[in-house]
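Have your viewer ready and follow along.

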Amino acid sequence: MEKQNNEVVKDSVKILIARVAHQANRAIKEFYGEDNLPSWDESSKESKSRGVLGVEKVIANRRITNAEIHQAWVDTMLADGWRHGPVIDTIKKFHPNLVAYEDLSDNQKLKDVVYLAIVKAFLDC
């Protein structure tokens, strides 16, 4: 049974969900031979905050789509000063996935699919 979108989820649980989703994303990147993503523990505070914010977006709207969760991530990245660039550059704040969901490769879209599946699975517990 789907929970109401006004459910209260403890911050520690949000962090746990974001951590698991982050590590899954890291595994996907590794599988495809992409630039290594730091582990959750090695990630910046900014990156962790974006992860938790994504979880909160799903809590607020359990019917959020892959495209919508990607756009939420894009909006947060842009607000944090990131811009589209050919490769991930944490100094210049460039990221190649700061594009519309439809313009992502299937490999990149998979990350959003897995992310939502993980978050929703935790919320269904």
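First, some ground rules. This is a predicted model, in which local features need pLDDT of at least 70 and side-chain atom pairs count only at pLDDT 80 or more, while totals for chains, interfaces and linings use all residues. Residues are numbered from 1 along each chain as its sequence is written, and side-chain values rest on heavy atoms, with hydrogens and water left out. Helices (H or I, at least four residues) and strands (E, at least two) are DSSP runs, numbered from the N terminus.

Start with helix H1 (residues 11–31) and helix H2 (residues 45–60), whose axes come within 8 Å and cross at roughly 110°. That makes H1 roughly perpendicular to H2. Here axes are lines fitted to C-alpha atoms, for helices over the stretch in contact, and angles run from 0 to 180 degrees between N-to-C directions. Angles under 35 degrees count as roughly parallel, over 145 as roughly antiparallel, 65 to 115 as roughly perpendicular and the rest as oblique. On the H1 side, the contact (heavy atoms within 4.5 Å) is made by Lys 14, Ile 15, Ile 17 and Ala 18, and on the H2 side by Gly 51, Val 52, Val 55, Glu 56 and Ile 59. By class, these residues divide into six nonpolar, one polar and two charged. In this scheme Ala, Val, Leu, Ile, Met, Phe, Trp, Tyr, Cys and Pro are nonpolar, Asp, Glu, Lys and Arg are charged, and the others, Gly among them, are polar.

Two members of that contact deserve a look. Leaving aside residues up to four places away in sequence, Lys 14 touches Val 9, Val 52, Val 55, Glu 56 and Ile 59. Glu 56, in helix H2, is partly exposed at 32%. Between Glu 56 and Asn 36 there are 26 Å in space, C-alpha to C-alpha, at a separation of 20 residues in sequence.

In the loop between H1 and H2 you will find Ser 39, which counts as buried at 15% relative accessibility. Beyond residues up to four places away in sequence, Ser 39 touches His 22, Gln 23 and Arg 26.

Now move on to helix H3 (residues 66–79) and helix H4 (residues 106–123), which pack at an angle of about 100° with their axes 9 Å apart. H3 is therefore roughly perpendicular to H4. Asn 66, Ile 69 and His 70 in H3 meet Asp 112, Val 113, Tyr 115 and Leu 116 in H4. This contact has four nonpolar, two polar and one charged residues.

Which residues of H4 are buried? They are Gln 108, Lys 111, Asp 112, Tyr 115, Leu 116, Ile 118, Val 119 and Leu 123. Seen down the axis of H4, the buried residues fall within an arc of 165°, so they line one face of the helix; the arc is that of the directions from the helix axis to the C-beta atoms. Their cover includes H1, H2 and H3.

Finally, visit Lys 93, in the loop between strand S1 (83–84) and strand S2 (94–95). Its phi is near 60°, a positive value in a residue other than glycine. Most residues other than glycine have a negative phi. Lys 93 counts as partly exposed, at 23% relative accessibility.

Technical notes:
Buried < 20%, exposed > 50% of the residue type's maximum accessible area, 1.4 Å probe, protein only.
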